[in-house]
Amino acid sequence: MNRPEQEAAVRRIMARGAPRVPPGLCADAVRRGGRLLRRRTLARRLLWLLLCAAAVAFAVWAVTARPWAEPPSRTSPPLTGW
């Protein structure tokens with residue numbers, strides 16, 4: 001298709017007018033959008049809750065296990081009887 005043919009096709013499409021929209025389409029779209037928004041909000045809240053629970057679990061583990069402390073040396077025997 002060359003440029004004049006494309007322009008003529010576009011003009012024919014624009015001259016036709018807008019197609020009819022079903023009467024309940026807007027209400028369905030609003031209902032679906034609300035449902036989608038509620039699901040996203042719930043998912044976001046659950047992910048934040050999971051992140052907070054993981055942070056608390058890590059903090060509790062770190063306090064009890066103390067991974068930053070150096071473990072006692074086991075290579076030499078204890079000095080007793082000096």
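L42, L46 and L49 make a nonpolar surface patch of about 320 Å². A patch here is a set of residues with over 30% relative accessible area and no salt bridge, in which nonpolar side chains (Val, Leu, Ile, Met, Phe, Trp, Tyr) are joined within 5 Å and like charges within 9 Å. Accessible areas come from the Shrake-Rupley method with a 1.4 Å probe, and for residues only the protein chains shown count as cover.

The model is predicted, so local features need pLDDT of at least 70 and side-chain atom pairs count only at pLDDT 80 or more, while totals for chains, interfaces and linings use all residues. Residues are numbered from 1 along each chain as its sequence is written, and side-chain values use heavy atoms, with hydrogens and water left out.

L42 lies in helix α2. Helices are DSSP runs (H or I, at least four residues), numbered from the N terminus. L42 counts as exposed, at 52% relative accessibility.

A positive surface patch is formed by R32, R35, R38 and R39. The place of a charge is taken as NZ of Lys, CZ of Arg, CG of Asp or CD of Glu. R39 is in helix α2, and its relative accessibility of 56% makes it exposed.

A62 is also placed in helix α2. With a relative accessible area of 11%, A62 is buried. A62 and L49 are 13 residues apart along the chain, and their C-alpha atoms are separated by 20 Å.

**Salt bridges**

A salt bridge is a side-chain nitrogen of Lys or Arg within 4 Å of a carboxyl oxygen of Asp or Glu. Two salt bridges are found in a search of the whole structure.

| Salt bridge | N to O distance |
|---|---|
| R3 and E7 | 3.4 Å |
| D28 and R31 | 2.5 Å |

R3 and E7 are separated by about one helical turn because they are four residues apart in helix α1 (residues 3-16). R3 is exposed, with a relative accessible area of 60%, whereas E7 is partly exposed at 34%. D28 and R31 both belong to helix α2, where they are three residues apart, about one turn of the helix. D28 counts as partly exposed, with 34% relative accessibility.

**An aromatic pair**

Rings of Phe, Tyr and Trp (its six-membered ring) pair if their centres lie within 6.5 Å; planes under 30 degrees apart count as stacked, over 60 as edge-to-face and the rest as tilted. By this rule there is one aromatic pair. F58 and W61 form this tilted pair, with 5.8 Å from centre to centre and 40° between the planes. Both residues lie in helix α2 (residues 25-65), three residues apart, about one turn of the helix. F58 is exposed, with a relative accessible area of 54%, and W61 is partly exposed, with 42%.

**After the helix**

R66 lies in the segment after α2. Its phi is near 45°, a positive value in a residue other than glycine. Most residues other than glycine have a negative phi. R66 is partly exposed, with a relative accessible area of 48%.

Methods: Helices (H or I, at least four residues) and strands (E, at least two) are DSSP runs, numbered from the N terminus. Buried means under 20% relative accessible area, exposed over 50%, partly exposed in between (1.4 Å probe, protein chains only). Lys and Arg count as positive and Asp and Glu as negative; His and the chain ends are not counted.
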